Amino acid sequence: MERLGLAGARLWARRSGGAEPVEHAGGPLPDHRAAVGAVFAVLEGLGVPSPAAVGHRLVHGGAAHAAPERVDARLLERLRELIPLAPLHLPSEIAVIEAVAARFADLPQVVCFDTAFHRPMPELAQRLPLPGELWDKGVRRYGFHGLSYEYILDAVGSAGSGRLIIAHLGNGASLAAIRDGQPRETTMGFTPTGGLMMGTRTGDLDPGVLLYLLDQEGYDPPRLGRLVNQEAGLLGVSGTSPDMKTLLAACEADPRAALAVRMFCYHVRKHIGALAAVLGGLDMLVFTGGIGERAAPVRREVCDGLEYLGIRLDPGRNDAHADPVSAAGSPCAVRVIPTNEDLMIARHTHALIVQGGAAR
């Protein structure tokens with residue numbers, strides 16, 4: 001589904017076996033309730049049986065939710081209390097849960113939190129340099145993209161038992177440092193706005209910039225929110241697009257597009273160095289996400305200068321998006337692995353509802 005709530009919204013489904021996709025033709029999709037109804041209408045039209053359960057990705061679980069959970073009235077109440085932590089995401093995610101319940105009152109639902117993967121990080125990594133009472137109120141570094149990291153860690157298997165950095169690079173982008181299968185550090189913080197420069201988000205930003213904009217430029221909190229989440233990053237620097245493929249195609253003719261790409265790669269490379277310091281070295285670097293999986297020039301520029309970590313790319317394999325993309329004999333393996341967050345949600349939902357436990 002795309003463009004929900006906008007003109008030209010589309011919903012299509014593809015039968016297994018690669019048949020032509022079936023498009024929804026039931027009118028506009030103004031909100032999440034209408035979207036959920038349209039999804040089930042399409043599935044019923046394809047002859048798909050009623051679901052046994054529904055799993056959801058939730059961006060934020062706060063400090064108290066560190067594993068997938070079955071939805072009930074008490075959990076929904078707690079999720080509404082977390083909305084201030086993710087006001088751009090949680091309201092619509094809760095609306096989908098409620099819309100499913102309105103259609104299938106007894107259908108089991110499971111929520112999978114994108115923050116849960118990072119909860120075992122050391123307190124040293126989770127703490128912000130702020131007074132203790134704010135920590136007690138949940139103001140801390142949470143990290144995100146946890147379902148993606150969980151999938152990649154499962155995909156690399158025993159090869160991920162050493163010092164591993166996963167680079168989830170898409171419109172939203174972050175890195176995670178993992179040692180012996182346990183998360184040690186990540187780039188995103190209290191919200192998904194922090195860390196790396198992204199498609200439309202600033203990434204890490206001197207708080208003094210925000211204070212200056214409030215005091216001197218007449219910004220208010222909503223205007224600041226639009227700036228740091230929707231008007232910055234690749235879009236803000238290039239002035240044209242948040243899309244990496246578009247910017248790479250424009251680099252030769254457009255200096256601002258080229259600058260945006262170089263800045264993005266610089267930020268990723270800088271954070272890889274910082275995370276390698278946390279791990280005490282590096283055994284494997286994995287690229288995933290839309291940019292990480294498909295933008296060979298980005299991978300090349302990110303890795304240029306990381307030879308001191310044992311990273312050496314094979315240019316031909318990198319251009320072909322092969323796996324691995326590292327040169328033969330490199331001390332640090334560099335891999336390209338497509339992520340699958342939907343599969344992780346399905347596994348967790350099945351494990352919780354059918355097996356009564358959490359997926360591994």
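**View 1. Glu293 and its neighbour Arg294 in a salt bridge.** At 13% relative accessibility, Glu293 falls in the buried class, since the cut-off for buried is under 20%. Arg294, on the other hand, is exposed at 59%. In this predicted model, the closest N and O atoms of the pair sit 3.9 Å apart.

**View 2. Glu185 meets Arg141 in a salt bridge.** Here the N to O distance is 2.6 Å. Glu185 belongs to strand S8 and Arg141 to the loop between helices H5 and H6, so the contact ties together parts that are 44 residues apart in sequence. Both residues are buried. The structure has 14 salt bridges in total.

**View 3. Asp283 pairs up with Arg163.** The closest N and O atoms of this salt bridge are 2.9 Å apart. It links distant parts of the chain, 120 residues apart: Asp283 is in the loop between H11 and strand S9, Arg163 in strand S6. Asp283 is partly exposed at 31%, and so is Arg163 at 22%.

**View 4. Helix H11 from end to end.** H11 covers residues 255-279 and spans 36 Å from its first C-alpha to its last, close to the 36 Å expected. Asp254 caps the N-terminal end, with a side-chain oxygen 3.0 Å from the backbone nitrogen of Arg256. Just past the helix, Gly280 takes a positive phi of about 75°.

**View 5. A nonpolar surface patch.** Met1, Val39, Leu43 and Val48 make up about 280 Å² of it. Leu43 sits in helix H1 and is partly exposed, at 30%.

Technical notes
Residues numbered from 1 in each chain as written. Predicted model: local features only at pLDDT ≥ 70, side-chain atom pairs only at ≥ 80, totals over all residues. Heavy atoms only, no water. Helix = DSSP H or I, 4+ residues; strand = E, 2+ residues; numbered from the N terminus. Expected span 1.5 Å × (residues − 1). Polar contact = N/O pair within 3.5 Å; in protein donor to acceptor, adjacent residues only side chain to side chain. Patch = residues over 30% accessible without salt bridge, like charges linked within 9 Å, V, L, I, M, F, W, Y side chains within 5 Å. Areas by Shrake-Rupley, 256 points an atom, 1.4 Å probe, with all protein chains shown as cover. Salt bridge = Lys/Arg side-chain N within 4 Å of Asp/Glu carboxyl O. Buried < 20%, exposed > 50% of the residue type's maximum accessible area, 1.4 Å probe, protein only.
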